[in-house]
Amino acid sequence: MASAFKNIRTVMITGASRGLGLQMVETLVSGNFFPGIIIATARNPAGAKELQSLAGKYPSIHIITLDVVNQESIERAAQEVDQLVAEDGLNCLINNAGINVVANFETVTAEKMLENFHTNSVAPLMITKAFLPILKRAAAKGTGMGIHRAAVINITSLLGSVELNWGDRANNFKWYPYRTSKSALNMVTRCMAVDLEADGILCMALHPGWVRTDMGGQEVNSSLKRPH
(Lines give C-alpha, C1' and ligand atoms only; values in the text may rest on other atoms or scores of the structure.)
Protein backbone atom coordinates (compact mmCIF):
# COMPACT_ATOMS: atom_id res chain seq x y z
CA MET A 1 0.00 0.00 0.00
CA ALA A 2 2.82 2.41 0.82
CA SER A 3 3.97 2.50 -2.80
CA ALA A 4 0.63 4.05 -3.73
CA PHE A 5 1.80 7.24 -2.03
CA LYS A 6 4.67 7.69 -4.47
CA ASN A 7 2.95 10.11 -6.79
CA ILE A 8 0.85 12.16 -4.38
CA ARG A 9 1.75 15.60 -3.14
CA THR A 10 0.35 15.79 0.39
CA VAL A 11 -0.73 13.44 3.17
CA MET A 12 -1.85 14.07 6.74
CA ILE A 13 -1.76 11.50 9.55
CA THR A 14 -3.47 12.12 12.89
CA GLY A 15 -2.17 10.60 16.11
CA ALA A 16 1.39 10.43 14.77
CA SER A 17 3.26 10.89 18.04
CA ARG A 18 3.54 7.15 18.68
CA GLY A 19 2.33 3.71 17.69
CA LEU A 20 0.81 3.10 14.29
CA GLY A 21 0.74 6.77 13.29
CA LEU A 22 4.44 7.22 14.00
CA GLN A 23 5.23 4.06 12.07
CA MET A 24 3.26 5.31 9.09
CA VAL A 25 5.28 8.51 9.02
CA GLU A 26 8.56 6.62 9.34
CA THR A 27 7.61 4.14 6.63
CA LEU A 28 6.69 6.89 4.19
CA VAL A 29 9.84 8.94 4.67
CA SER A 30 12.29 6.02 4.83
CA GLY A 31 11.08 4.45 1.58
CA ASN A 32 11.32 5.68 -1.97
CA PHE A 33 7.67 6.51 -2.21
CA PHE A 34 7.06 9.37 0.21
CA PRO A 35 4.87 12.29 -0.86
CA GLY A 36 6.12 15.87 -1.06
CA ILE A 37 4.61 16.94 2.25
CA ILE A 38 3.81 14.71 5.21
CA ILE A 39 1.74 16.42 7.90
CA ALA A 40 1.99 14.60 11.22
CA THR A 41 -0.32 15.69 14.01
CA ALA A 42 0.10 15.28 17.73
CA ARG A 43 -1.80 16.56 20.74
CA ASN A 44 1.50 17.52 22.37
CA PRO A 45 4.21 17.90 19.72
CA ALA A 46 6.83 18.96 22.27
CA GLY A 47 6.52 15.59 23.98
CA ALA A 48 6.67 13.59 20.74
CA LYS A 49 10.42 13.02 20.84
CA GLU A 50 10.60 10.26 18.20
CA LEU A 51 8.44 12.24 15.80
CA GLN A 52 10.51 15.35 16.38
CA SER A 53 13.66 13.33 15.67
CA LEU A 54 12.21 12.12 12.37
CA ALA A 55 11.21 15.63 11.39
CA GLY A 56 14.76 16.76 12.08
CA LYS A 57 16.06 14.24 9.56
CA TYR A 58 13.40 14.68 6.90
CA PRO A 59 12.30 18.22 5.95
CA SER A 60 9.20 16.83 4.22
CA ILE A 61 7.64 16.16 7.65
CA HIS A 62 5.63 19.00 9.15
CA ILE A 63 4.35 18.58 12.71
CA ILE A 64 1.22 20.43 13.78
CA THR A 65 -0.79 20.45 16.99
CA LEU A 66 -4.15 18.71 16.92
CA ASP A 67 -6.38 17.61 19.77
CA VAL A 68 -8.95 15.53 17.89
CA VAL A 69 -11.68 15.99 20.52
CA ASN A 70 -11.36 19.79 20.57
CA GLN A 71 -13.24 21.57 17.79
CA GLU A 72 -11.19 24.75 18.09
CA SER A 73 -8.00 22.72 17.76
CA ILE A 74 -9.42 21.00 14.67
CA GLU A 75 -10.26 24.31 13.04
CA ARG A 76 -6.85 25.81 13.86
CA ALA A 77 -5.14 22.75 12.39
CA ALA A 78 -7.24 23.04 9.22
CA GLN A 79 -6.16 26.66 8.81
CA GLU A 80 -2.52 25.74 9.31
CA VAL A 81 -2.69 22.87 6.83
CA ASP A 82 -4.54 25.08 4.35
CA GLN A 83 -1.64 27.52 4.33
CA LEU A 84 0.94 24.73 4.18
CA VAL A 85 -0.44 22.84 1.19
CA ALA A 86 -1.62 25.97 -0.64
CA GLU A 87 -3.03 25.31 -4.12
CA ASP A 88 -2.10 21.60 -4.03
CA GLY A 89 -4.76 20.81 -1.47
CA LEU A 90 -4.70 17.64 0.62
CA ASN A 91 -4.50 14.35 -1.26
CA CYS A 92 -4.87 11.98 1.66
CA LEU A 93 -6.23 12.36 5.19
CA ILE A 94 -5.54 9.40 7.45
CA ASN A 95 -7.69 9.51 10.59
CA ASN A 96 -5.51 7.31 12.76
CA ALA A 97 -5.82 8.85 16.25
CA GLY A 98 -7.72 6.54 18.55
CA ILE A 99 -8.00 5.27 22.10
CA ASN A 100 -9.11 2.06 23.79
CA VAL A 101 -11.19 2.54 26.91
CA VAL A 102 -11.32 -0.99 28.27
CA ALA A 103 -14.59 -1.87 30.01
CA ASN A 104 -16.70 -5.01 30.08
CA PHE A 105 -20.41 -5.31 30.87
CA GLU A 106 -19.78 -4.99 34.62
CA THR A 107 -17.44 -2.00 34.48
CA VAL A 108 -18.74 0.00 31.53
CA THR A 109 -20.25 3.43 32.20
CA ALA A 110 -21.88 6.05 30.03
CA GLU A 111 -18.83 8.27 30.49
CA LYS A 112 -16.47 5.55 29.25
CA MET A 113 -18.67 4.90 26.22
CA LEU A 114 -18.84 8.58 25.31
CA GLU A 115 -15.10 9.10 25.79
CA ASN A 116 -14.24 6.32 23.35
CA PHE A 117 -17.01 7.28 20.95
CA HIS A 118 -15.87 10.91 20.82
CA THR A 119 -12.27 10.08 19.93
CA ASN A 120 -12.78 7.08 17.65
CA SER A 121 -16.05 7.88 15.89
CA VAL A 122 -16.98 11.55 16.17
CA ALA A 123 -13.50 13.06 15.79
CA PRO A 124 -12.78 11.54 12.34
CA LEU A 125 -16.08 12.94 11.10
CA MET A 126 -15.44 16.41 12.49
CA ILE A 127 -11.87 16.45 11.17
CA THR A 128 -13.02 15.40 7.70
CA LYS A 129 -15.66 18.13 7.70
CA ALA A 130 -13.11 20.78 8.66
CA PHE A 131 -10.61 19.61 6.04
CA LEU A 132 -13.15 19.07 3.26
CA PRO A 133 -12.37 22.30 1.36
CA ILE A 134 -8.68 21.34 1.28
CA LEU A 135 -9.52 17.81 0.11
CA LYS A 136 -11.80 19.21 -2.58
CA ARG A 137 -8.99 21.41 -3.84
CA ALA A 138 -6.83 18.34 -4.44
CA ALA A 139 -9.71 16.36 -5.91
CA ALA A 140 -10.35 19.10 -8.47
CA LYS A 141 -6.92 18.44 -9.99
CA GLY A 142 -7.42 14.78 -10.85
CA THR A 143 -9.72 12.12 -12.18
CA GLY A 144 -10.84 8.72 -10.94
CA MET A 145 -10.99 7.71 -7.28
CA GLY A 146 -7.99 7.16 -5.06
CA ILE A 147 -5.26 8.75 -3.00
CA HIS A 148 -3.66 10.07 -6.18
CA ARG A 149 -6.62 12.47 -6.22
CA ALA A 150 -8.18 12.79 -2.76
CA ALA A 151 -8.98 10.23 -0.08
CA VAL A 152 -10.01 9.87 3.55
CA ILE A 153 -8.74 6.72 5.25
CA ASN A 154 -10.21 5.90 8.65
CA ILE A 155 -8.22 3.39 10.69
CA THR A 156 -10.71 0.89 12.08
CA SER A 157 -10.55 -2.61 13.55
CA LEU A 158 -12.11 -6.02 12.94
CA LEU A 159 -13.25 -5.77 16.54
CA GLY A 160 -15.84 -3.27 15.31
CA SER A 161 -17.47 -5.90 13.12
CA VAL A 162 -20.90 -7.06 14.30
CA GLU A 163 -20.77 -10.11 12.04
CA LEU A 164 -17.42 -11.28 13.42
CA ASN A 165 -18.28 -10.82 17.10
CA TRP A 166 -18.41 -14.50 17.98
CA GLY A 167 -16.20 -17.27 19.34
CA ASP A 168 -12.79 -16.33 20.72
CA ARG A 169 -12.99 -12.83 19.30
CA ALA A 170 -16.13 -12.21 21.35
CA ASN A 171 -15.03 -13.97 24.52
CA ASN A 172 -11.53 -12.49 24.74
CA PHE A 173 -12.26 -8.87 23.85
CA LYS A 174 -15.27 -7.72 25.88
CA TRP A 175 -14.48 -4.07 25.28
CA TYR A 176 -17.81 -2.29 25.01
CA PRO A 177 -16.49 1.27 24.46
CA TYR A 178 -13.79 0.40 21.94
CA ARG A 179 -15.72 -2.13 19.90
CA THR A 180 -18.85 -0.03 19.56
CA SER A 181 -16.80 3.06 18.70
CA LYS A 182 -15.11 1.24 15.83
CA SER A 183 -18.43 -0.14 14.65
CA ALA A 184 -19.77 3.41 14.59
CA LEU A 185 -16.65 4.57 12.72
CA ASN A 186 -17.36 2.00 10.03
CA MET A 187 -20.82 3.48 9.49
CA VAL A 188 -19.46 7.03 9.55
CA THR A 189 -17.03 6.01 6.82
CA ARG A 190 -19.73 4.44 4.70
CA CYS A 191 -21.93 7.52 5.01
CA MET A 192 -19.04 9.80 4.04
CA ALA A 193 -18.25 7.57 1.06
CA VAL A 194 -21.76 8.16 -0.25
CA ASP A 195 -21.75 11.90 0.43
CA LEU A 196 -18.26 12.68 -0.91
CA GLU A 197 -18.28 10.47 -4.00
CA ALA A 198 -19.59 13.30 -6.16
CA ASP A 199 -16.60 15.40 -5.12
CA GLY A 200 -14.19 12.69 -6.24
CA ILE A 201 -13.07 11.92 -2.70
CA LEU A 202 -12.54 8.28 -1.81
CA CYS A 203 -13.56 7.31 1.74
CA MET A 204 -12.56 3.96 3.18
CA ALA A 205 -12.11 2.15 6.49
CA LEU A 206 -8.88 0.22 6.86
CA HIS A 207 -8.09 -2.50 9.40
CA PRO A 208 -4.29 -2.57 9.81
CA GLY A 209 -4.14 -5.95 11.49
CA TRP A 210 -2.47 -6.51 14.83
CA VAL A 211 0.51 -4.27 15.47
CA ARG A 212 2.81 -4.23 18.49
CA THR A 213 1.89 -0.85 19.97
CA ASP A 214 0.80 0.42 23.38
CA MET A 215 -2.79 -0.22 22.33
CA GLY A 216 -2.20 -3.50 20.53
CA GLY A 217 -0.09 -5.04 23.26
CA GLN A 218 3.16 -7.00 23.16
CA GLU A 219 1.83 -10.47 22.44
CA VAL A 220 -0.90 -11.80 20.21
CA ASN A 221 -2.62 -15.12 19.77
CA SER A 222 -2.42 -15.88 16.05
CA SER A 223 -6.08 -16.90 16.02
CA LEU A 224 -7.17 -13.46 17.17
CA LYS A 225 -6.96 -9.88 15.95
CA ARG A 226 -6.01 -7.17 18.38
CA PRO A 227 -6.89 -3.51 17.79
CA HIS A 228 -4.38 -1.16 16.19
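This is a predicted model: local features need pLDDT of at least 70, side-chain atom pairs count only at pLDDT 80 or more; totals for chains, interfaces and linings use all residues.
Of the 228 residues in the protein chain, 45% are buried. When contacts between residues at least 6 apart in sequence are considered, 71% of them join residues at least 24 apart.

Side chains of opposite charge can pair when their charged atoms come close. Three salt bridges are present in the structure. In one of the three, Asp-88 is paired with Arg-9, and the closest N and O atoms of the two are 3.6 Å apart. Asp-88 is located in the loop between helix 3 (71-85) and strand 4 (92-95), whereas Arg-9 belongs to the segment before strand 1 (10-13), so this pair ties together parts that are 79 residues apart in sequence. Both partners are partly exposed, Asp-88 having a relative accessible area of 26% and Arg-9 a relative accessibility of 28%.

Glu-72 is exposed, its relative accessible area being 56%. A further salt bridge joins the side chains of Asp-82 and Arg-137, with 2.6 Å from N to O. This pair links distant parts of the chain, since Asp-82 lies in helix 3 and Arg-137 in helix 4 (residues 110-139), 55 residues apart. Asp-82 is partly exposed, with a relative accessible area of 30%, and Arg-137 likewise counts as partly exposed, at 27% relative accessibility.

Helix 6 (residues 176-196) comprises 21 residues, and the distance from its first C-alpha to its last is 30 Å, close to the 30 Å expected at 1.5 Å a residue. Several residues of helix 6 are buried, among them Pro-177, Tyr-178, Arg-179, Ala-184, Leu-185, Val-188, Met-192 and Leu-196.

Aromatic side chains provide a second set of pairings. A pair of aromatic rings is described by the distance of the centres and the angle of the planes. The structure holds two such aromatic pairs. For Phe-105 and Tyr-176, the ring centres are 6.0 Å apart and the planes stand at 50°, so the pair is tilted. Phe-105 is found in the loop between strand 4 and helix 4, while Tyr-176 is part of helix 6, so parts that are 71 residues apart in sequence are tied together by this pair. The aromatic pair formed by Trp-175 and Tyr-178 is edge-to-face, with 6.1 Å from centre to centre and 80° between the planes. Trp-175 and Tyr-178 are both buried, and Tyr-178 is also one of the buried residues of helix 6.

Note on methods. Residues are numbered from 1 along each chain as its sequence is written. Side-chain values use heavy atoms; hydrogens and water are left out. A salt bridge is a side-chain nitrogen of Lys or Arg within 4 Å of a carboxyl oxygen of Asp or Glu. Helices (H or I, at least four residues) and strands (E, at least two) are DSSP runs, numbered from the N terminus. Buried means under 20% relative accessible area, exposed over 50%, partly exposed in between (1.4 Å probe, protein chains only). Contact means heavy atoms within 4.5 Å. The expected span of a helix is 1.5 Å times one less than its number of residues. Rings of Phe, Tyr and Trp (its six-membered ring) pair if their centres lie within 6.5 Å; planes under 30 degrees apart count as stacked, over 60 as edge-to-face and the rest as tilted.
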